[in-house]
Amino acid sequence: MIKNYLKIAFRTLTKNKLFSVVNILGLAVGITAAVFILQYSFFELSYDSFNKAHNDIYRVMNNRYEGEKLIQSGQITYSAVGPQMAEDYPEIVRHTTVNTTGELPIRNGDKLIEVSGGFFVHQSFFEMFDYKLVAGDRNNLVKDLFTIVLSESSARKLFDISGDDFQSVVGKLIHLDQDVTPTKVTGVFEDVPGNSHLQFDVLVSRNTMVNFWPGSDYSWNNSDFFHYIQLVPGADQKQLEGKFEGFSEKYFKGDEVTGTFEKFHLQALDDVHLYSDYEYELGQIGSGKMIWSLVIVAGFILLMAWINYINLTTSRALERAKEVGIRKVVGAERGQLVRQFMTETVLVNFLAVVMAFTLIQLFQSQFNGLVALDLSLYDLLEAKFGGIPLSAIMGTVILLGTVLSGIYPALILSSYKPSHTLKGSFRKSGQGASLRKGLVIFQFCISTLLIAGTLLVYKQVDYMRNQELGIEMDQVMVVSSPSLMDFDSTFVSRIASFKNELKKNPNVIEVGTSHQVFGQRLPRTFNVRAEGATNGQMLNRIHADYGFMQTYSIEMLAGRDFLETDHHVNGNAVKNILLNKSASDLLGFESPEKAISKKVSFWGREWFVVGITDDFHNRSLKQTIEPILFVPFYDPNNDYYSIKLSGQNIRESVKAVESTFNQFYSGNIFDYFFMDEQFDEQYSNDRLFGKVFNLFSLLAILISCLGLFGLAGYTALQRTKEIGIRKVLGARVVDVLKLTSMDFAKLVLIASIVAIPLVYFGAQEWLASYAFQISLGLWLFIIPVLIVFAVALITISFHTIKSANRNPVESLRYE
């Protein structure tokens, strides 16, 4: 019997080639799109899950307050916090502390590399996290002073390694920065996987850092540390957090150090990548909201694909009605017919899955290029969600979709009465019309939402990238300062000489230095007070020199810019500062002019305000404008040289800058970037989300058109005789098109009424995470509706024009 069902199913598919191709292709494209979305989404959701204890690992987070005002929320805190928590609370079985190394030069003889991602860690780091080791003893990697573990990539750059013989570098001695004492290589680890929120090239023992920074091992005063703790399996996170208020009261000395106090809480390791909006993050974070939005789109795409199958199958009801009647006359039971039609459904879905897997293999590399990741179908099928293999979940979803999309057409087709179908009276039946229209309304509604979402994402990202920032970054080349440079009495004069030499080049307009560049999170200065003020304020801080403001065309509202004489090799001799307008207002000055020459105190001494700058966007437009304090300090080995170029002969200008750099700082690595490109990287996640969302929204809309194509065909068949009569009475093709379009226009109108409120509330929710956002104009609601209507009109025109151009004699004979 099954063999017979399959034989009939294949005959049916081959008999109606167009509908079969459209059915299978629609389902295949839908499954392909959903799988690609899930590949990307579950990669993002898999962050840090490679650690065996990931369910029990947490970051220690802190909120810092001045009075009742929250002034900082992040994970950077004091070195004593993690160790003391582990000692006080038995729920904590392990803790580790992490510090960033910053830009770290590493020398092996005449080979010099500079790593930008490195951490100082305890030995417990390797006990808590499961980064794979390829050489060395895991139990004895960073216990001792002057020890380091390298990544495979860093090891290959520093040593001549034959094949994968990384064990040969264990025990070798290298030099960090300008240290005279060599550091011992104790191991090599596999390059950190892309789904780790901690990204690093080297791990250095914390004892090495403590050796140069006494007191940093256990301190309630130094706050540049990140803590991770591991709880006993099954421990209650909330219950432990409830004890932290007493912990703060007992140990925290923030009121002595900064005039603030802190409240601690925990963040699960699994939440770090997608659910972090904190300051001083160790790595680039993603957005859970965006990822789940894509998962929802994947669900809609699959729904649309199966809805198409229902509409396309039922639209052929007229063609199958006589077949059903004859089968029933010769003795076929309804159950047999249901099994027959379900066999066809299973066959179509099976062929669609096969085609989908083929399409995935064909377009995998292109999709990987779009998302800049190395994804594969195998990795997706191997993944787990909630402990359940994703392959089992996907198989179940496809099976349910197959059954649910097939059962309705099977029940409808098998219910036809022979007395109606064989006489021809069935053609007047509207059985199932309401459901089919409801499904199309659903598709129109989803299409409207997706088009509106596409417009919203594009407009917001475009707004952020093109908004006036208050600074000019075009043609500004930023060069990292020499890492191998002594800080001595000639330090300031050497920088001045280097800048002067650069400006001899006619293509160099201005040069400025700073410890931070735009787009970076600025360090904080607490308890800043204007003279006579009782309460201190928290300000962000930039260390900048006398050319910085001119390089970026930052407007001075009052007073003057920094002068070369404001700098001094002795930091205690530096006394003049600048403020931006927000900082001036926060400190209580009535106007920029009245702030000039006023005294401001912080770091235990007084400073003089010599200038007020206009406000500008230091970071992306997701953040508010920050109050900023400018101090004329130079930072050895950590500054950036911002060089404003004329825009003429950029390549030659870069070569000239490199030549001058090598002349002044021979033996150092020349590394540069352009400020506008670096700043734009803040929007990389938004741009990527926009590309992926736009692509799959377009696919979803195209898939929905196939369903509309089926319903339009069904409608044209039912109205064949009516159209013929109207043609006989003198109706033109355009008149017929208007007639049939009105039915679908009503469906678009109903879908729009449902979709517009959803668009509004969805847009409000999505834009809430941006400090600066576009306004929601009528365009966001009108354009999607017009596009949906235009697409619907074009889709239905095919069948309508075909029927309208038919000879009326044939149309009247048809029924």
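## A glycine and the basis of the model

Is G163 buried, partly exposed or exposed? With a relative accessible area of 45%, G163 is partly exposed; buried means under 20% relative accessible area, exposed over 50%, and partly exposed in between, for a 1.4 Å probe and protein chains only. G163 belongs to the loop between α5 (152-158) and β10 (173-176). Helices (H or I, at least four residues) and strands (E, at least two) are DSSP runs, numbered from the N terminus. Between the C-alpha atoms of G163 and G288 there are 40 Å, and the two residues are 125 residues apart along the chain.

The model is predicted: local features need pLDDT of at least 70, side-chain atom pairs count only at pLDDT 80 or more, and totals for chains, interfaces and linings use all residues. Residues are numbered from 1 along each chain as its sequence is written, and side-chain values use heavy atoms, with hydrogens and water left out.

## Backbone angles in two loops

Most residues other than glycine have a negative phi. F146, although not a glycine, has a positive phi of about 55°. This residue is found in the loop between β8 (133-136) and β9 (147-151), and F146 is buried, its relative accessible area being 13%.

A positive phi, of about 50°, is also found at N649, which is not a glycine. N649 lies in the loop between β26 (640-645) and α21 (650-664). At 53% relative accessibility, N649 counts as exposed.

## Salt bridges

Side chains of opposite charge can pair when their charged atoms come close. The whole structure holds 23 salt bridges, a salt bridge being a side-chain nitrogen of Lys or Arg within 4 Å of a carboxyl oxygen of Asp or Glu. In one of these, K622 and D686 meet through their side chains at 2.9 Å, N to O. Because K622 lies in the loop between β24 (605-613) and β25 (628-631) and D686 in helix α23, the pair ties together parts that are 64 residues apart in sequence. K622 is partly exposed at 26% relative accessibility, whereas D686 is buried, with a relative accessible area of 1%.

The side chains of R687 and D680 also meet in a salt bridge, at 3.0 Å, N to O; D680 is buried, with a relative accessible area of 17%. Another salt bridge joins E501 to K504, with the closest N and O atoms 3.2 Å apart. E501 is partly exposed at 26% relative accessibility, and K504 is exposed at 63%. A network of salt bridges links E279, R521, R524, R619 and E626.

## Enclosed and open spaces

Rolling a probe the size of a water molecule over the atoms shows where empty space is left. On a 1 Å grid over the protein atoms alone, a cavity is a set of points where a 1.4 Å probe fits but cannot get out, and a pocket is an open set with protein on both sides within 12 Å along at least five of seven lines; lining residues have an atom within 4 Å of a point. Grid points are joined across faces, edges and corners, and a volume is the space filled by probe spheres set on the points. The whole structure contains 6 cavities of 30 Å³ or more. The second largest cavity has a volume of about 70 Å³, and its lining includes F444, I701 and V788. At least two lining residues come from each of α16 (433-466), α23 (684-718) and α26 (779-804), and the largest share, 4 residues, comes from α23. This lining divides into 7 nonpolar, 2 polar and no charged residues; Ala, Val, Leu, Ile, Met, Phe, Trp, Tyr, Cys and Pro count as nonpolar, Asp, Glu, Lys and Arg as charged, and the others, Gly among them, as polar.

The second largest pocket holds about 870 Å³ of space. It is lined by 31 residues, and F42, L45, S46, S49 and A383 are the closest to its centre. Two or more lining residues come from each of α2 (17-45), α13 (377-382) and β15 (384-385). The largest share of the lining of this pocket, 5 residues, is from α2. By type, the pocket lining comprises 13 nonpolar, 11 polar and 7 charged residues.
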